[in-house]
Amino acid sequence: MGQVLTRLSRLAEAVAAVIMAAMFLTFVLQIAIRYSARLEWIAARFPFLEPTHFGWTLEFCLALWVWLIFWGNAFVVREQDHVTFDIIYNHVRPGIRKCFAIVASVAIAVGLLWSFDPTWDRFHVLRIKKTATLSALFGDWIRMRDIYLIYAVFLIAVALRYIWRAIHVFRNGTDTPMPNSDGRPDE
């Protein structure tokens with residue numbers, strides 16, 4: 001089981017790295033086209049390099065940014081990497097700390113799952129809307145729903161992580177760290 005989780009974790013990190021690389025390359029393309037189009041001799045020889053033909057790059061970078069944020073927070077960022085306000089939590093007895101952890105985990109999971117239905121209703125509307133410029137790159141089939149679908153994945157993945165955390169704390173207490181994707185406890 002540990003090897004499967006390790007491979008899935010590495011795959012999630014690889015997907016995030018590919019998204020970051022695509023975002024960077026698109027950004028570099030934006031800069032190259034913007035400044036090469038200003039050179040008259042390049043623009044005269046290569047009219048397809050006009051900046052108006054590359055309007056999709058901005059929207060593509062923004063879509064990749066949305067995917068990177070929600071993908072990373074759903075599958076790459078670990079619990080200990082989040083900023084926490086734990087002044088009270090660290091100064092109470094272990095039994096109360098266990099209750100705090102369970103109540104907080106269940107509240108987060110319930111809140112995320114409760115917001116899924118209104119989110120899905122909004123996706124129903126977004127399936128109709130087209131992107132402003134990405135059809136130049138991907139064709140007419142891509143919709144706004146496809147860009148924001150990662151948010152639904154985020155809601156479910158993070159809710160499941162917090163349900164797992166509540167179960168782990170209930171069984172083992174707060175002093176036993178949750179295992180990483182490689183089966184070892186977090187440090």
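**View 1. Where α1 meets α3.** Ala12, Glu13, Val15, Ala16, Ile19, Met20, Ala22, Met23, Thr26, Phe27, Leu29 and Gln30 of α1 are in contact with Trp56, Thr57, Leu58, Phe60, Cys61, Leu64, Trp65, Trp67, Leu68, Trp71, Phe75 and Val76 of α3 (contact: heavy atoms within 4.5 Å). Sorted by class, that makes 20 nonpolar, 3 polar and 1 charged residues (nonpolar: Ala, Val, Leu, Ile, Met, Phe, Trp, Tyr, Cys and Pro; charged: Asp, Glu, Lys and Arg; polar: the others, Gly among them). This is a predicted model, with local features needing pLDDT of at least 70, side-chain atom pairs counting only at pLDDT 80 or more, and totals for chains, interfaces and linings using all residues. Numbering starts from 1 along each chain as its sequence is written, and side-chain values use heavy atoms, with hydrogens and water left out.

**View 2. How the two helices cross.** The axes of α1 (residues 2-36) and α3 (residues 56-76) come within 9 Å and cross at roughly 160 degrees (axes: lines fitted to C-alpha atoms over the stretch in contact, with angles from 0 to 180 degrees between N-to-C directions). That's why α1 and α3 are roughly antiparallel (angles over 145 degrees).

**View 3. The whole protein.** There are 7 helices and 0 strands here (DSSP runs: helices H or I, at least four residues; strands E, at least two). Of the 187 residues, 29% count as buried.

Notes
Angles under 35 degrees count as roughly parallel, over 145 as roughly antiparallel, 65 to 115 as roughly perpendicular and the rest as oblique. Buried means under 20% relative accessible area, exposed over 50%, partly exposed in between (1.4 Å probe, protein chains only).
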